[in-house]
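I have kept to what can be read from the coordinates.

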Amino acid sequence: MKFKVRGTDTFASTGGRPFDKNKPLIIFVHGSGLSHMVWVLQTRYFAFRGYSVLAVDLPGHGLSSGESLKTIEEMGNWVGDVIGAVGCKEASLVGHSQGCLVTMECVAQHPEKIKTLTLMGGASAIPMNPELLKLAEESNPKAVDLMMDFAHGPAGHFGGHPVPGLYHLNVGSMIVQNKEIKDTLGVDFRACDNYKNGPEIAKKLDLPTLSILGAQDRMCRLKDGKILADYIKGSEVKIIEDCGHMMLLEEADQTLEILKKFIAEHYPLPSK
Amino acid sequence: MDPKTYKFDTLSLHAGYQPSKNAGSRQVPIYQTTSYMFDDVDHAAALFNLERGGHIYSRMSNPTVQVLEERVCALEGGTAALATASGMSAIFLTIMTLCNAGDHMVVSSQLYGGTVNLFRLTLPKFGIKTTFVKPRDTEGFKKAIQPNTKGIFGELVGNPGNELMNMPEVSNIAKEAGIPLIIDSTYQTPYLCRPFEHGADLVVHSLTKWMSGNGSSMAGILVEGGTFDWMQNDKFPSMTEPYEGYHGLSFAEEFGPTAFTMMARAEGMRDMGPCLAPQNAWNILHGLETLSLRMEKHCSNALKMVEYLSNHDSVAWVSHASAPGHPDKELAEKILPKGTGSMIAFGIKGGKEAGAAFINNVKLASHLANVGDARTLVIHPASATHSQMDEATLKFAGLSHDMIRLSVGLEDFEDIVNDFEDGFRAAKKPRLVANK
């Protein structure tokens, strides 16, 4: 659906159900250069089971208008504003990769609004390889190829997408390339590289938090994901074996099952 | 720093398959099965509602067929693919997903005869009309576009005359009009050309041909490039508007670069059911493993054949984009740098009767209605593959009565030549030989 955030047209997938502000809200936040489309194997499930779902396109990404936000802090604040913009008071957040930094920032800036936090493929800092950063800022398609290479685990490189017929290396690549690379991926990579508040913010988080980590993740390595989880008080950690950074696509079923249990326990539907 | 994603030959052997998820089986297993167990009622509901991936019923998807789909998709550089029972069903499924009654297509006139009949005779029954344009008439494609046109369709190298469509320029015309370009790339295979790199949005193949190369199994496939923005205009409401069949799902919004394939599977396979048999998918996968090796030999034999035929006193003309003086030679060198394929059309001196005598007297070359087999194949299109066309349509499609269509195989070149010499010898005395 389209709605306004700070006066700018914003798009979010509602998982195929009409948005209802009276249902518990889950907001999904994508990673660098990507869009709502990476979440389809998680969002539709919750949308058809009593939740309101928003898989947002950050400004300038996917189907959202405006320019990409330049810092993780701005993005975190923007996600907080989304909640009010759709007429809600609170939400659970799910972030992937850069989206983990963004959602942590959102919790730090709007603690009263956020009920649970799920971090997929996260780390407390995501410093960029300088060459990759330069390629992305020059809109060189090689940046996307490198990102897809790093983002998928060894098994993911062979394919075997949960949805028959999809070849996920190219799906991710096309999502990024449907926009000018420097305006989305380039800006996002720079924002990740500049962001240094992760450890301090993580130590202050005080809400039910789940980290889902890929054992073969080369973008945000398993050990870095564990360090982040250790910073967060009481954080639950689930590791998916034989999986890279794109667990939401590479191992979509396992990811959904883990998320389902966490949401059911910490953010259940109100009893009728 | 370079990406270490797998390259073409590796993908042709491995893409889409993980042994660790299949009992360690190194070869792709044949899932000769119709239906798949649900974990519980919630799992079943999620699968039926496209909330999660997985198999329900082999009309929609099958694990063996899925490997083939991903493998071809990887080789083409696409985002999603959908295998079908034949190349024709892939085309029909594509058009039925793209168009509604009252819509219009712009189509290259030089096509396999079955495809011509589909657009000329069958699709009008569903209210879908076509304007045919000669493949070299690039401006003609632009002029033929109407407000209700939903796509441009063509074979890059037309069957059987070997005229090339200027894919990059026609792609620009399609983009300007906000409609997709669909390329039947059967003749090229992704080894010779990856149409998405030249502006195509959707690609279809008959996998029966070079992709398998063994002449054992029928199969087709639709591949999506993920390049087309279905939401750029209001021409494709079935992609962009809520779809009643899946609780108001908008395929374009939800699935973006894979939306077309998702809809073709969810609607087309559900309702029309042209599914590929797993055994056939497995046979095609075997062929794909050697695609590069075979295409190299197909092309090298074809080049020698063009030279041989061009210098033969029984041959009136030769059409192959590698041939000196071919009008599309420059374009072919740009789009098809690895080779222009193994289909050759040539005119035999003495016309139809000489052609019949030639075909009746070659022994190694097989006379049949197929192309892209590992074996050399010949046919007289005007009396076989394109025989359902009237004279005017034949002429418009670039066919003549002296034309012989040759699909050059992988045999030793000298053996093909010796066989052809027998054919040409007989063609010089057509009445005598034809009546014997």
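At what angle do helix H4 (residues 130–137) of chain A and helix H5 (residues 141–151) of chain A pack, and how far apart are their axes?

1. The two helices of chain A, H4(A) and H5(A), pack at an angle of about 135°, with 8 Å between their axes. H4(A) is therefore oblique to H5(A), given that angles under 35 degrees count as roughly parallel, over 145 as roughly antiparallel, 65 to 115 as roughly perpendicular and the rest as oblique. Axes here are lines fitted to C-alpha atoms, for helices over the stretch in contact, and angles run from 0 to 180 degrees between N-to-C directions. Helices (H or I, at least four residues) and strands (E, at least two) are DSSP runs, numbered from the N terminus. On the H4(A) side A:Leu132, A:Leu135 and A:Ala136 take part, and they meet A:Lys142, A:Ala143, A:Leu146 and A:Phe150 of H5(A), where contact means heavy atoms within 4.5 Å.

2. A word on the basis of these values. This is a predicted model, in which local features need pLDDT of at least 70 and side-chain atom pairs count only at pLDDT 80 or more, while totals for chains, interfaces and linings use all residues. Residues are numbered from 1 along each chain as its sequence is written, chains are lettered from A and ligands numbered from 1 in the order in which they are written, and side-chain values use heavy atoms, with hydrogens and water left out.

3. Chain A contains an open sheet of eight strands in the order S1-S2-S4-S3-S5-S6-S7-S8, with mixed pairing; two strands pair if DSSP finds at least two bridges between them. Strand S1 (2–5) and strand S8 (236–240) of chain A stand at the edges with a single partner strand each, so one side of each has no neighbour in the sheet. From one strand to the next, the twist averages 25°. Within this sheet, strand S5 (residues 91–96) of chain A runs parallel to strand S6 (residues 114–120) of chain A, and five bridges join them, with A:Leu93 opposite A:Leu117 in S6(A). Helix H2 (residues 72–85) of chain A lies across S1, S2, S3, S4, S5 and S6 of chain A, at about 120° to S1(A).

4. In chain B, helix H4 (residues 87–98) and helix H11 (residues 259–271) pack at about 100°, their axes being 10 Å apart, and H4(B) and H11(B) are therefore roughly perpendicular to each other. The contact is made by B:Leu93, B:Thr94, B:Thr97 and B:Leu98 of H4(B), together with B:Phe260, B:Met263, B:Ala264, B:Gly268 and B:Met269 of H11(B).

5. Why is strand S6 (residues 202–206) of chain B described as largely enclosed by the rest of the structure? Five of the five residues of S6(B) are buried, so the strand is largely enclosed; buried means under 20% relative accessible area, exposed over 50% and partly exposed in between (1.4 Å probe, protein chains only). B:Leu202, B:Val204 and B:Ser206 are buried on one side, and B:Val203 and B:His205 on the other. Strand S5 (residues 181–184) of chain B pairs with S6(B) in the parallel sense over three bridges, and B:Asp184 has B:Val204 as its bridge partner. Strand S7 (residues 220–224) of chain B runs antiparallel to S6(B), joined by five bridges, with B:His205 opposite B:Ile221.

6. Chain B also has an open sheet of five strands in the order S8-S9-S12-S11-S10, again with mixed pairing. Strand S9 (residues 343–348) and strand S12 (residues 403–407) of chain B pair in the antiparallel sense over five bridges, B:Met343 standing opposite B:Ser407 in S12(B). Helix H15 (residues 351–361) of chain B packs on this sheet, touching S9, S10, S11 and S12 of chain B, and its direction makes about 125° with that of S9(B). H17(B) also packs on the sheet, touching S8, S9, S11 and S12 of chain B, at about 25° to S9(B).

7. B:Phe420 and B:Phe424 both lie in helix H17 (residues 413–427) of chain B, four residues apart, and both are buried.
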